[in-house]
Every structure is written in structure tokens, then in C-alpha cells.
Amino acid sequence: RRLNDLDSALKQLDRAIEHEPSLAHLYRLRARLRIERNEPAQALDDFDQAIRRENADSPFHVEDHVERGRLLLRDGKHEVSLAAFDAALGFQKDHSLALRLRAETLFHLRRFEEVIESFDRYLETGKPMESVYRGRGLAKSELGKYPGAIEDFTKALELQPTSAVQAYRGWMHVVCEASKLAERDFQLAIELDHKNSDAYAGRGFVPAIAKQ
């Protein structure tokens, strides 16, 4: 593997599993190798095999559920990926990656109250991330919690200014009838990305509503 000879590495792991089919870590190693080889279906099967063989109190058991959920999420199988993250959290309730990916999965399922709850739980122990505040802000905006969404978008921008989030905050300011703040957000969004059509639309929309 360190020589980047993935085919030979896979053959060696296949042989190892033939000799010791009860060892969970061999399936785990092969699953990660299959991810590198862009073989997600086979990787998923190997994580399943590792989960069946690993002790429930092992930290690797939790990680296997998380990686399994990540693969399912990537494949758009949201209900099944949610079950995988819930299984991981059943063994370790404060697992930060499981909480974050669970929140992203719930967003795809449009279960926005649960998205907020899961991101809240993540932020109790996890590292503050732009994607977390952005995701929570989007969930709040879907629920009409506009001041809370503005607050989260602001935190996201403090961590990593992006044109998309700047425009999101602009629209929240539009809804809250703060036209000057909205116009400023849309202008900043354009400066960050001159191809952001949403920001141009917002900047054009603000003067129109201001005249009403």
C-alpha cells in the first residue's frame, strides 16, 4: 500500500482473509483500500463483515458504522445511512463525525428540526466548522427562524467567507426587511465570486422592494 501498488495490496489482503477469515481488522483494511480503488459497493460489504466480527466495545466498531454511513450517504441512500450513524451513536453518543454526518443526512431527508438538534449536539464537543454553521443556518431558514439563520451564517462567514453563504445571509436580511444589510451582503457575495447569479439577483431585488 505504501508503494501505491493497490492491486498487489488487495491480493495480499485477500490472501490474509483466506487464512484468517474471523479477523475484523482485515476486512476493515480491505474496505479502506477499496475506497481508494473507488469500489464503494465492495467497501461497504467489507465494513459489514468487519462489524459482524468486531467486539461491540471496540472503538473500531463505532468507526466501522460511521464509515459505512458515509458510503451510504455518498450513494444517496439517506434512510439507511441515518440508521448507520444512529448505530454508531448508540455506542458513542458524542462521536463528533457521526453527529455531523447525521445532521447532513437529516437535511437531505428535510427533517430540519432534527438537523438543528444534531448540529447542536455536535457543537457541544466538536470543532466549530463553516459547514456546520452553514448547515444549521439553512435548516433554520427552512423553518422560518430567520434571526437564528442570520446568526449562524455570520458565524460561518467568520470561519470561512464564501460567496454562497454571504448571499444566503443577504436573503435572510431581505426577509427581515433589513434592505441595507441585504444589499451589502449581496455586494460582498459578488466580490467573492463574480459569477454568483443568486447574489446578482438579490442585489437587483433589494432596490425594487425598497421602492414599495
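This is a predicted model: local features need pLDDT of at least 70, side-chain atom pairs count only at pLDDT 80 or more; totals for chains, interfaces and linings use all residues.
Buried residues account for 44% of the 212 residues in the protein, where buried means under 20% relative accessible area, exposed over 50% and partly exposed in between, with a 1.4 Å probe and protein chains only. Residues are numbered from 1 along each chain as its sequence is written, and side-chain values use heavy atoms, with hydrogens and water left out.

As for the fold, the protein has twelve helices and zero strands, with helices (H or I, at least four residues) and strands (E, at least two) taken as DSSP runs numbered from the N terminus. Reading along the sequence gives the pattern α-α-α-α-α-α-α-α-α-α-α-α. The protein is more spread out than a compact globule, because its radius of gyration is 22 Å, well over the 17 Å from the globule rule for 212 residues. That radius is taken over C-alpha atoms, and the rule is 2.2 Å times the number of residues to the power 0.38. Along the principal axes, the C-alpha trace spans about 75 × 35 × 25 Å.

Contacts come next, a contact being heavy atoms within 4.5 Å. Of the contacts with a separation of 6 or more, 42% are between residues 24 or more positions apart.

On to the rings. Rings of Phe, Tyr and Trp (its six-membered ring) pair if their centres lie within 6.5 Å, and planes under 30 degrees apart count as stacked, over 60 as edge-to-face and the rest as tilted. By this rule there are four aromatic pairs. One of them joins Phe107 and Phe112 edge-to-face, at 5.2 Å centre to centre and 70° between the planes. Phe107 is partly exposed at 27% relative accessibility, while Phe112 is buried at 8%. The pair of Phe153 and Tyr168 is tilted, because the ring centres are 5.7 Å apart and the planes sit at 40°. Phe153 lies in helix 9 (residues 146-159) and Tyr168 in helix 10 (residues 163-175), so this pair ties together parts 15 residues apart in sequence. Phe153 is buried, with a relative accessible area of 1%, whereas Tyr168 is partly exposed at 29%. Elsewhere, ring pairs link Trp171, Phe186 and Phe205 into a cluster.

Glu151 is found in helix 9 and is partly exposed at 44% relative accessibility; its C-alpha atom is separated by 7.7 Å from that of Gly137, 14 residues apart along the chain. Asp64, in helix 4 (residues 59-74), is buried at 0% relative accessibility. Beyond its neighbours within four places in sequence, Asp64 contacts Arg28, Phe47, Ala50 and Ile51. Ser118 sits in helix 7 (residues 112-125) and is likewise buried, at 0%. With neighbours within four places again left aside, Ser118 contacts Leu99, Arg102, Ala103 and Leu106.
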